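Please open the structure in the viewer and follow the stops below in order. Each stop names a selection and then describes what is found there.

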Amino acid sequence: MKSANNTLNLDEVWRRYQQSLKAFLRSKVSNEDDVEDLQQDILLKTYQNLGQIQNQSSVKAWLFQLAQRTIIDFYRKRGRIQRDSQLQAEDLWFEQPLETIEQELSQCITPFIQTLPHESAVLLGSIELEGMSQKALAEQQGISYSTLKSRVKKSRSELKKLFEECCELTLDKHGNVIDFQRKFAGCSRC
């Protein structure tokens with residue numbers, strides 16, 4: 001699926017997944033004209049972003065995640081998504097590889113957090129591992145909520161650097177990890 005210049009080929013990707021995407025769109029959108037419009041929108045977004053995908057094995061998951069977001073945006077624009085009828089990740093068969101990626105990377109979170117400076121480790125341990133809200137933690141520590149948010153943002157940035165030292169992360173345009181490759185076997189931190 002890669003051309004001579006080592007980039008993914010749009011024609012090959014589209015030829016391979018077009019029918020599956022169309023079937024998926026039809027399962028979520030009843031109007032055939034809307035399906036065609038959404039498919040064209042996905043083709044355009046694929047053209048604009050395909051070069052960001054490093055690993056051809058992640059193309060299918062990336063493409064269907066793009067389709068999912070496009071459908072959600074479609075319904076949001078028309079005001080049709082109600083709280084009770086939002087698309088749920090567990091309803092979508094193509095979400096499985098993304099859960100696997102998250103599960104694999106989650107093995108590194110605790111060791112990485114533990115290698116951060118003490119203050120950052122305590123903040124992220126409380127918020128990311130124990131599930132404490134930022135507001136509750138700010139109150140507990142006697143600092144303003146905005147100060148805590150700033151510290152959490154800095155700590156998350158430090159955590160991201162640790163991940164990037166060990167792994168090549170492939171992100172979608174929203175910053176979500178859709179694939180990763182270890183830079184070297186057996187990263188010493190996770």
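How many helices and strands are there in the chain? The chain of this predicted model holds seven helices and two strands.

Of its 190 residues, 37% count as buried. The chain exposes about 11600 Å², of which carbon and sulfur atoms supply 44%. Among contacts between residues at least 6 apart in sequence, 57% join residues at least 24 apart.

Next, select residues 10-28, which form helix 1, together with residues 59-77, which form helix 3. These two helices pack at an angle of about 35 degrees, and their axes lie 11 Å apart. Their crossing is right-handed.

Now display the side chains where the two helices meet. Helix 1 contributes Val13, Tyr17, Ser20, Leu21, Phe24, Leu25 and Lys28, while helix 3 contributes Val59, Lys60, Leu63, Phe64, Ala67, Gln68, Ile71 and Tyr75. The residues of this contact comprise eleven nonpolar, two polar and two charged.

Because 14 of its 19 residues are buried, helix 3 is largely enclosed by the rest of the structure. Its end C-alpha atoms are 27 Å apart, in agreement with the 27 Å that 19 residues should span at 1.5 Å a residue.

Finally, return to helix 1 and select Lys22. Is this residue, Lys22, buried or exposed? Lys22 counts as buried because its relative accessibility is 15%, under the 20% cut-off. Leaving aside residues up to four places away in sequence, Lys22 touches Glu32, Val35, Glu36 and Gln39.

Notes: Residues numbered from 1 in each chain as written. Predicted model: local features only at pLDDT ≥ 70, side-chain atom pairs only at ≥ 80, totals over all residues. Heavy atoms only, no water. Axes fitted to C-alpha atoms, helices over the stretch in contact; angles between N-to-C directions. Helix = DSSP H or I, 4+ residues; strand = E, 2+ residues; numbered from the N terminus. Left-handed = near helix turned anticlockwise from the far one by under 90°. Contact = heavy atoms within 4.5 Å. Nonpolar A, V, L, I, M, F, W, Y, C, P; charged D, E, K, R; others polar. Expected span 1.5 Å × (residues − 1). Buried < 20%, exposed > 50% of the residue type's maximum accessible area, 1.4 Å probe, protein only. Areas by Shrake-Rupley, 256 points an atom, 1.4 Å probe, with all protein chains shown as cover.
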